[in-house]
Amino acid sequence: MASGWFYMSCMVLGSLGSMCILFTTYWMQYWRGGFAWDGTVLMFNWHPVLMVSGMVVLYGAASLVYRLPASWVGPKLPWKVLHAALHLLAFTVTVVGLTAVFGFHNHSKITHLYSLHSWLGITTVALFACQWFLGFAVFLLPWASQWLRSLLKPVHVFFGACILSLSIASVISGINEKLFFVLKNATRPYSSLPGEAVFANSTGILVVSFGLLVLYILLASSWRRPDPGALTDRQLLLQLLPGSRPLPVTYMPVPLR
């Protein structure tokens, strides 16, 4: 039953993530004129799409690799590589998204990093870079001792959730900032809630919903990868996975009376 809830949550999560990207793309295409890579505002339009795709959707998916029941059996290294590779892909998409906004600002002679949105965003990306390099050096490379990994694992998990939360805050503030910039004339002010504002605000709600569901799955104790040697009800479900072997039964000695 618990496994069924997990996969149902993953289906909902996949739908929400796809809608986040599609809604952001449609907003930029339909209301903001489309996309280009020429330094104009059309180059800026890549920024929200790539940031939502990288820092929210791909980042959220990469964070949940160890929640998959299939990752609980067999060697852990392939799942570590997948976890790191998905995060690296998310970081690459994010860097391209930053390149788009900095290129637009340079072309239009706009000051960089002056708004709260930009401060949140650049802080989030910097933390993401540090998090990835620390994870790669400590958890993927073989040099670190088990003691060091056990010490840093809670820190790694904590900052992973913090980075996702900061990403959501950056996206929400970015949506608001963009709407304030483009819906400021007398014919259709933001306060009159035109169609674009309704659609963009709805996109923000989707992003928040996606992020909250990711955080819920990450924090749900019954969906965490079990510690080695710990036999739980969830582990019994692994025997149903193809290729898995029966779990060993540990007998506790009964003292003589």
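What pLDDT does the chain average, and what share of the residues score at least 70? I get an average of 88, with 86% of the residues scoring at least 70; pLDDT is the predictor's confidence in each residue, from 0 to 100.

Ground rules for myself: this is a predicted model, so local features need pLDDT of at least 70 and side-chain atom pairs count only at pLDDT 80 or more, while totals for chains, interfaces and linings use all residues. Residues are numbered from 1 along each chain as its sequence is written, and side-chain values use heavy atoms, leaving out hydrogens and water.

I looked up where pLDDT stays under 50. Residues 229-238 are one such stretch, and there the model has 17 contacts (heavy atoms within 4.5 Å) beyond four places in sequence. Residues 249-257 also stay under 50, with zero such contacts.

**Ring pairs.** I counted rings of Phe, Tyr and Trp (its six-membered ring) as paired if their centres lie within 6.5 Å; planes under 30 degrees apart are stacked, over 60 edge-to-face, the rest tilted. That rule gives 15 aromatic pairs. Take phenylalanine 6 and tyrosine 7: their ring centres are 5.3 Å apart and the planes stand at 75°, so I logged them as edge-to-face. I called residues buried under 20% relative accessible area, exposed over 50% and partly exposed in between (1.4 Å probe, protein chains only). Phenylalanine 6 is buried at 0%, whereas tyrosine 7 is partly exposed at 37%.

Tryptophan 132 is buried at 18%; phenylalanine 136 is partly exposed at 31%.

I also found a cluster: ring pairs link Phe23, Tyr26, Tyr30, Trp31 and Phe199.

**Helix α5.** Helices here are DSSP runs (H or I, at least four residues), numbered from the N terminus. α5 has 25 residues and reaches 35 Å from first C-alpha to last, close to the 36 Å expected, taking 1.5 Å times one less than the number of residues. Its buried residues include His117, Gly121, Phe128, Trp132 and Phe139. What covers the buried residues of α5 includes α3 (46-63), α4 (77-108) and α6 (146-182).

Notes
Helices (H or I, at least four residues) and strands (E, at least two) are DSSP runs, numbered from the N terminus.
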